[in-house]
Amino acid sequence: MLVIDKYAYTNRIVNWSPKIKGLVWLMCMVIAFQPIVWLKAILIVAVAADTIFVTKVSLHRYLKWFYVILPFLLLSIIGIVFTMSASKTQLYFPIHLFGNYFGVSKAMLPKGLLLGVQVLAAVVSTYWFALTTPFRQILDLLVSLHLSNLIIEETMLMYRFIFIFIDSFEEIHRAQKLRFGYRNIRTSLHSLSILVKMLFEQIMVNYEAMTHALDAKLYDGEFKVGKSRPQND
């Protein structure tokens, strides 16, 4: 069982209807992508606090689940806010390079920060939904919405691989820290390169293992997904 499954099946609101949870998640996503920044900030704090309370997860573990996402988010923001310009008046901290100026764009900095807050709000909301809703309930919700089998199958595969990826990241990172792999900048960069390489290899191994398991079960290219039966009290 993945770590996220443990919290999904033991949280305080596990018996809530998946339709209610799905509606709450949808409302959170609407707030995450609306233009008012202070609403996004309130959403991040409120949903994060509620997730920690409802799932009884420690703050340290909850923050660790963002380690994989934050590098991609930071790279996206950096790609937006840093630019080259012929005029240094359009930049913060301009550096003269190759006849132009390199620095932080005054016009793009607010947009980059807005993107960061927006993505963070969406991720926090999605974590709340994933940590409080067992995957079987997620499938029931998708089936009740009469979505196509292709979308449901893609959701199943993405869900498993995303959180297998996070679990693998935590295990490798923990092993590297025990071996003092991050004691200085040089060893940190070396450990990070090994981490990326091993994660890629682990993804391929997991894919092959899943393929062999499906072949053993005579998989014919389609997952049979139906609503789960209600449990008798």
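## Charges over rings

K106 sits over the face of Y92, 5.4 Å from the ring centre. A charge counts as over a ring if NZ of Lys or CZ of Arg is within 6 Å of the ring centre and within 35 degrees of the ring normal. R12 likewise lies over the face of F53, at 4.4 Å from the ring centre.

## Basis of the values

The model is predicted, so local features need pLDDT of at least 70 and side-chain atom pairs count only at pLDDT 80 or more, while totals for chains, interfaces and linings use all residues. Residues are numbered from 1 along each chain as its sequence is written, and side-chain values use heavy atoms, with hydrogens and water left out.

## Aromatic pairs

The structure holds 6 aromatic pairs. Rings of Phe, Tyr and Trp (its six-membered ring) pair if their centres lie within 6.5 Å; planes under 30 degrees apart are stacked, over 60 edge-to-face and the rest tilted. W65 and Y127 form an edge-to-face pair, with 6.5 Å between centres and 70 degrees between planes. This pair links distant parts of the chain: W65 is in the loop between α4 (59-64) and α5 (69-81), and Y127 is in helix α6 (residues 109-132), 62 residues apart. Helices (H or I, at least four residues) and strands (E, at least two) are DSSP runs, numbered from the N terminus. Both W65 and Y127 are buried, where buried means under 20% relative accessible area, exposed over 50% and partly exposed in between (1.4 Å probe, protein chains only). W65 and Y127 belong to one aromatic cluster with Y7, Y62 and F66.

The pair of F82 and F102 is stacked, because the ring centres are 5.7 Å apart and the planes are at 20 degrees. F82 lies in strand β1 (residues 82-85) and F102 in strand β3 (residues 100-105), so the pair ties together parts 20 residues apart in sequence. F82 is partly exposed at 35% relative accessible area, and F102 is partly exposed at 28%.

## Helices

In helix α1 (residues 3-10), the buried residues are I4, D5, Y7 and A8. Seen down the axis of α1, they fall within an arc of 165 degrees and so line one face of the helix; the arc is that of the directions from the helix axis to the C-beta atoms.

Helix α2 (residues 18-33) packs with α6 at an angle of about 175 degrees, the axes being 8 Å apart. α2 and α6 are therefore roughly antiparallel to each other. Residues in this contact (heavy atoms within 4.5 Å) include W25 and M29 of α2 and A122 and F129 of α6. Axes are lines fitted to C-alpha atoms, for helices over the stretch in contact, and angles run from 0 to 180 degrees between N-to-C directions. Angles under 35 degrees count as roughly parallel, over 145 as roughly antiparallel, 65 to 115 as roughly perpendicular and the rest as oblique.
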